[in-house]
Amino acid sequence: MNMTTSLKLFQIWQQNIAKSNTAQQDLLAKANPKDWDIIALQEPYLDHLRLTRANSHWTVLYPSNKNLQNQNHAQSVLLINTKIDSSQVQQITINSSDITAVKITTNTRSIIIINLYNDINHNQNIDTLAEEWNANENNWIPDRDNTELLLLGDFNRHHSIWEPNTNDHLKSPDRMLNPLLDLIVNMRLEMVLPRNIPTLEARNSGNWTRPDNVWRCADSPSMFVSCDIDPPLRPVNTDHLPIISKIDLNYIPSTNTPRFNFRTIDWKEYKKTLQDKFALNDGLFTDPIDTPDKLENATNCLFRIINKTTNEIASTIKVTPHTKQWWTKELSELRHDRNRASKLHYNWRGLPGHASHNRFKTLNREFTKAIEQAKADHWKEWIEHVGPADLWNVHRYMKADPTDYGRQKIPDLKSPNGTYTTTNEEKADNLANTFFPAENPLSQDEHRFTEMDPPKASNLQFPTFTTEHITSTLEKLSPFKAPGPSGISNAILKKCTWLIAPHLSMIYTAICSLNHYPEKFGNIYQIVLPKPGRTSYEILNSYHPIALIETLAKVQSSIITEDLAYECETYRLLPDYQFGGRAGRSTSDALHSVEQFIKNAWRCGQAALALQKLSSPAGGSEFFGRFIIDGGTKTYTMNLIVRETYDLSSSTDS
């Protein structure tokens, strides 16, 4: 990610959703990622798989014990803006399904946000937080002068410290209130949201109360700029008001590298611009490339010319909007009217008979129904008009793994030694060691195989990179596959083949003659993807890598592979039973060959032995074998396990 130079303040939106999907969709439509950094939800919507809802602009942070067995539904969730670099975000482990805690560290200061939902009938979460604070206070706040600790949430407790005088009758019993007051004293908290500001309108009585609150640790200088409610932002189907906190925590938001839309390029203009730029740098490609430095210069120049042309001609892909596809202009207009009515409804709360209250309730009902209807109509219309081009999208939607639709983030990973890795650097190292374990040299006791009389090709020649050969390879490329690190798309190579192929011919030939590989060709992005259907993604084996190789390097590799395959087939360099990686040989052919081999052994009165090598990601392997013996009317099998030490153990079954 590239970093911008503008600084901005932290803005936190705290909201109780009342477990309503419609309320959460309304909130996500209002919460423009340009304005908000953290959204702290209490009682969020959860589906039957205990997943909430977000969009690609937010990373969802669930309670740290979400994936453990026998846990209650999460009542607390944090949505973290993806503009906050993931290396600055560290989740704090608290053993509760109703508490989500995170520490965000910038280059100057840090902030700890604890989002808590406290049940109205017990104080288990208050007690859990108190225990965690007593055990980890110094770990959470090693530098008190530069760390802001923020405790916010729905506490479901009433006291004269924060409630207005009109609500003295709502004071919670001492046995329910005292644990919270003890926590406030123990954590040295001070209230940030001023007194007498209500945060909830009771559904039945219409009384305005204060179950939600915001606290900060008084040990450090305050970073708060403001803390107040914003009634117009109140989502539908919830009786809680949003609490908005603005904090003077400057950070540099990260931005994604721009991506170009190669489907809308004016290729006639692109080719003319590219040709003109090649003409201005003609000397680099007409002179012979006879040194590694000249090869590097020619490669860099080719990349620079293509990328510069793309920046001038191609348009960038617009960032995915934070609103859903089914969100309409009519919904935005209706929401505007409803938000204005919500503000008047709050301002006139002291006069129960004011006309603004009935108007707000009417618009609120209309807006709620409009959201649900717009969503249903959108997908119904889409399904009814699905065409051939949409069939793969339908298949992808049906086969996709369940998700909350937020930006995915690799959780803390469990190392082989039982510890957990929390930083991006530690996760990358552990994943790299899992995907690419160090080679274990053979010991003296292990068997070594010696190849006897390998086949040789008498007339084998190294591939020649002619312009015609490169052109035919470029024309076979799929135009819109993911590009490599340079961002050069297959679409450019396919559309501008006659301009690029002569220069590639010189570069590819120089690579082989000089035995030097350009630095840009060696750049590879290793992308880590989760394996579908795993029960836990805290285990290293739940991920697998894919490589995004530089496009121009893959073209050369494709040409060499094609020539080597031709030589191997022409000079019979591969055994007859080699099926993998050979054209015209399928898995069915391999199975038929195995079947024929076993039956031929039976006809001769012999047994067949099938061996399968089982490798471990941590290194080491063993062979699982099975003798297949024909007994006339019955087939007998004998299992054989051959480990690295080559100890044998067997068992017979029938």
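I'll start with the sheet: six strands, open, in the order β6-β7-β8-β9-β13-β10, with mixed pairing. Strands here are DSSP E runs of at least two residues, helices are H or I runs of at least four, and both are numbered from the N terminus. Two strands count as paired if DSSP finds at least two bridges between them. At the edges are β6 (89-92) and β10 (189-191), each pairing on one side only. Ignoring direction, neighbouring strands in this sheet are turned by 25° against each other on average.

A word on the source. This is a predicted model, where local features need pLDDT of at least 70 and side-chain atom pairs count only at pLDDT 80 or more, while totals for chains, interfaces and linings use all residues. Residues are numbered from 1 along each chain as its sequence is written, and side-chain values use heavy atoms, with hydrogens and water left out.

Back to the sheet. Strands β7 (residues 99-105) and β8 (residues 110-117) run antiparallel and are joined by 7 bridges. Ala-101 stands opposite Ile-114 in β8. Helix α2 (residues 124-140) packs on the sheet and touches β6, β7, β8 and β9 (147-154). The direction of α2 makes about 165° with that of β8; axes are lines fitted to C-alpha atoms, for helices over the stretch in contact, and angles run from 0 to 180 degrees between N-to-C directions.

Next, a helix pair. The axes of α11 (residues 467-474) and α14 (residues 551-570) come within 10 Å and cross at roughly 105°. The two are therefore roughly perpendicular, a label for 65 to 115 degrees; under 35 is roughly parallel, over 145 roughly antiparallel, and the rest oblique. On the α11 side, the contact (heavy atoms within 4.5 Å) is made by His-469, Ile-470, Thr-473 and Leu-474. From α14 come Val-555, Ser-558, Ile-559, Glu-562 and Asp-563.

Now the cores. A nonpolar core is a set of buried Ala, Val, Leu, Ile, Met, Phe, Trp, Tyr and Cys residues joined through side-chain atoms within 4.5 Å. Buried means under 20% relative accessible area, exposed over 50%, and partly exposed in between, with a 1.4 Å probe and protein chains only. Which residues touch the most other members of the largest core? Among its 39 residues, they are Tyr-270, Leu-274, Tyr-508 and Leu-552. A second, separate core has 30 residues, including Ile-113 and Tyr-346.

Last, Lys-520, in the loop between α13 and β19 (524-530). Lys-520 counts as partly exposed because its relative accessibility is 30%. Beyond neighbours within four places in sequence, Lys-520 contacts Thr-299, Asn-300, Phe-303 and Glu-550.
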